[in-house]
Amino acid sequence: MIVVAGEALIDLVPQGAGALVGLRPARGGGPYNTAVALGRLGSPTAFCSRVSYDAFGEALLGGLHEAGVDVSSVQRGTEPTTLAVASIDAGGSAAYSFYVEGTADRLFAAPDRLPDATRAVSFGTCSLVLEPGASAYEELMRAAAARGVFTTLDPNIRAVLIPDADAYRARFKSWLPSVSLLKLSEEDALWLGGTPREWLASGPAAVVITQGGDGLTVFTQDGSAHSVPGEPVEVVDTIGAGDTVNAALLHGLATRDALSPAALAELGPGGWSELLRFAARAAAITCSRAGAEPPFAAELEAP
């Protein structure tokens with residue numbers, strides 16, 4: 001089982017141009033989208049988070065159930081669901097403003113244990129910024145890594161939520177010894193500073209950089225780098241594309257029985273190329289439809 005740990009929220013997506021255009025609520029949050037994408041791809045998946053009892057929270061749980069995701073590790077609270085108001089530019093890229101004060105997901109508490117069948121745990125996005133939940137997710141990350149569980153991290157930077165950029169950058173570096181696979185966008189890499197080689201020296205077995213329509217590149221501990229181009233697609237919006245990449249990488253590694261640093265080292269150029277192309281195809285499908293709607297296994301060739 002792959003466990004995805006992090007926030008679930010509601011994206012309010014504009015249905016046209018202008019500040020006062022109608023907004024469509026859509027289930028979202030980077031970790032939530034990753035869990036749904038994994039479930040749709042057919043990987044046994046569990047979601048570890050804290051979700052409101054309000055109507056939005058029920059809708060979020062419903063989406064997980066529809067994708068076949070185990071919700072036994074989901075905590076509940078009476079606080080409202082976090083809201084993210086999206087704005088979409090001419091190229092389909094999304095920016096967000098957030099309503100997070102007093103919301104349910106940020107009060108997450110680290111569980112005593114993960115499901116017995118856990119093979120990997122995925123972390124990222126707002127959940128590692130907003131306290132007190134951020135410290136609880138960090139505790140879970142370090143504990144999982146200490147037990148030898150494969151861990152992935154997608155920081156998915158939301159700068160508007162980070163009051164002290166330098167403090168966050170230092171905290172990010174402190175996570176790297178507990179990370180098996182680091183995946184981040186080109187924009188996030190520039191914001192964080194540093195280089196893939198510097199991050200690899202701190203612990204991860206591989207670093208994957210997404211470059212939008214230009215594709216993906218992986219940097220590995222042996223000093224090599226492997227790139228694949230993006231998949232041509234008519235972009236509706238990019239919401240959930242990076243989260244789909246997270247899921248596709250994890251799903252592909254699981255099908256190869258490669259959820260360990262040693263197995264990553266043995267993938268080689270051919271294995272990485274197949275895996276990155278699969279992730280690029282999956283992300284392209286997500287970009288071709290509105291909102292975070294990752295593909296089902298039947299829409300893709302095997303990774």
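Arginine 142 is found in helix α3, which covers residues 133-146. Helices here are DSSP runs of H or I with at least four residues, strands are runs of E with at least two, and both are numbered from the N terminus. This is a predicted model, in which local features need pLDDT of at least 70 and side-chain atom pairs count only at pLDDT 80 or more, while totals for chains, interfaces and linings use all residues. Residues are numbered from 1 along each chain as its sequence is written, and side-chain values use heavy atoms, with hydrogens and water left out.

Arginine 142 has a relative accessibility of 32% and counts as partly exposed. The classes are buried for under 20% relative accessible area, exposed for over 50%, and partly exposed in between, with a 1.4 Å probe and protein chains only. Leaving aside neighbours within four places in sequence, arginine 142 is in contact with Ser174, Trp175 and Ser178, where contact means heavy atoms within 4.5 Å. Arginine 24 lies 118 residues from arginine 142 in sequence, and their C-alpha atoms are 37 Å apart in space.

Arginine 142 also takes part in a salt bridge, with glutamate 138, at 3.7 Å from N to O. A salt bridge is counted when a side-chain nitrogen of Lys or Arg is within 4 Å of a carboxyl oxygen of Asp or Glu. Side chains of opposite charge can pair when their charged atoms come close. Because glutamate 138 and arginine 142 are four residues apart in helix α3, about one helical turn separates them. Glutamate 138 counts as buried, at 15% relative accessibility.

The peptide bond from glutamate 131 to proline 132 is cis, with omega near 5°. Proline 132 lies in the loop between β8 (120-124) and α3. Threonine 125 lies in the loop between β8 and α3 as well, and its phi is near 65°, a positive value in a residue other than glycine. Threonine 125 is buried, with a relative accessible area of 5%. Aspartate 257 is not a glycine either, and has a positive phi of about 55°. Aspartate 257 sits in the loop between α7 (241-255) and α8 (261-265), and is exposed, with a relative accessible area of 58%. As background to these entries, most residues other than glycine have a negative phi, and most peptide bonds are trans.

Threonine 152 is a residue of strand β9, which spans residues 150-154. At 7% relative accessibility, threonine 152 counts as buried. Apart from neighbours within four places in sequence, threonine 152 is in contact with Val121, Ser122, Phe123, Leu181 and Leu250.

Glutamate 58 pairs with arginine 76, with the closest N and O atoms 2.7 Å apart. This pair links distant parts of the chain, since glutamate 58 is in helix α2 (residues 55-66) and arginine 76 is in strand β5 (residues 74-77), 18 residues apart. Glutamate 58 is partly exposed at 42% relative accessibility, and arginine 76 is partly exposed with a relative accessible area of 24%. Glutamate 299 forms a salt bridge with arginine 289, and the closest N and O atoms are 2.9 Å apart. Both residues lie in the segment after α9 (268-287), so the pair ties together parts that are 10 residues apart in sequence. Glutamate 299 is partly exposed, with a relative accessible area of 36%, and arginine 289 is partly exposed, with 24%. The count of salt bridges comes to 14.

Turning to the whole chain, the protein has nine helices and 13 strands. Its radius of gyration is 18 Å, close to the 19 Å that the globule rule gives for 303 residues, so the protein is as compact as a globular protein of that length. The radius is taken over C-alpha atoms, and the globule rule is 2.2 Å times the number of residues to the power 0.38. Along the principal axes, the C-alpha atoms fill a box of roughly 50 × 45 × 40 Å. Of the 303 residues, 55% count as buried. Among contacts with a separation of 6 or more, 69% come from residues 24 or more positions apart.
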